[in-house]
Amino acid sequence: MVKQKTNFTPRPDYYPQIYVYEDNRELGKVKIGYTTKKNPLERIKEQYGATVSSKEVPYKFLWKTEAIKEDGSHFTDKAVHRVLKEQGFEHYHEWFVCS
């Protein structure tokens, strides 16, 4: 059997995703972020680091979706932020006032 050559470099598994959560300390705002981790909660926990004990969870996970376009390319949270800003949503960096 002849080994086939590929024209691309294999990439490690990644899962481009947009996620949304709210923080009890940022009432009325949601954080819109991006991760390539399989579970966005892992990324959210990284953002809080050692400042939050395992029993204290100041955030509520709201939503996630794949950040992959129909052509197979991906986009980041910055594209979502741009659209929300263009639509006039009030924001503070990555935090948006949404109802």
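Strand pairing here requires that DSSP finds at least two bridges between two strands.

## Basis

This is a predicted model, in which local features need pLDDT of at least 70 and side-chain atom pairs count only at pLDDT 80 or more, while totals for chains, interfaces and linings use all residues. Residues are numbered from 1 along each chain as its sequence is written, and side-chain values use heavy atoms, with hydrogens and water left out. Helices (H or I, at least four residues) and strands (E, at least two) are DSSP runs, numbered from the N terminus.

## Sheet

Five strands form an open sheet in the order β3-β1-β2-β5-β4, with antiparallel pairing. The edges are taken by β3 (59–66) and β4, each with a single partner strand, so one side of each has no neighbour in the sheet.

β4 is joined to antiparallel β5 by two bridges. Y92 has W95 of β5 as its bridge partner. The loop between β4 (91–92) and β5 (95–97) contains H93. The phi of H93 is positive, near 60°, although H93 is not a glycine. Most residues other than glycine have a negative phi. H93 counts as exposed because its relative accessibility is 71% (exposed is over 50% relative accessible area, buried under 20%, partly exposed in between; 1.4 Å probe, protein chains only).

## Helices

Helix α1 (residues 40–48) lies across β1 (17–23), β2 (29–35) and β3, at about 50° to β1. Helix α2 (residues 77–86) lies across β1, β2, β4 and β5, at about 145° to β2. Axes are lines fitted to C-alpha atoms, for helices over the stretch in contact (heavy atoms within 4.5 Å), and angles run from 0 to 180 degrees between N-to-C directions.

In α1, the buried residues are P40, I44 and Y48. These residues cover an arc of only 85° around the axis, which puts them on the same side of α1; the arc is that of the directions from the helix axis to the C-beta atoms. Their cover includes β1, β2 and β3.

At the start of α1, a side-chain oxygen of N39 comes within 2.9 Å of the backbone nitrogen of L41. G49 follows α1 and has a positive phi, near 55°.

## Q17

Q17 belongs to strand β1 and is buried, with a relative accessible area of 7%. A polar atom of the Q17 side chain lies 2.8 Å from the backbone oxygen of K37. The Q17 side chain also reaches the backbone oxygen of K38, at 3.1 Å. Leaving aside neighbours within four places in sequence, the contacts of Q17 include Y34, N39, P40 and K64.

Key
A polar contact is a pair of N or O atoms within 3.5 Å; within protein, one must be able to donate a hydrogen and the other to accept it, and residues adjacent in sequence count only if both atoms are side-chain atoms.
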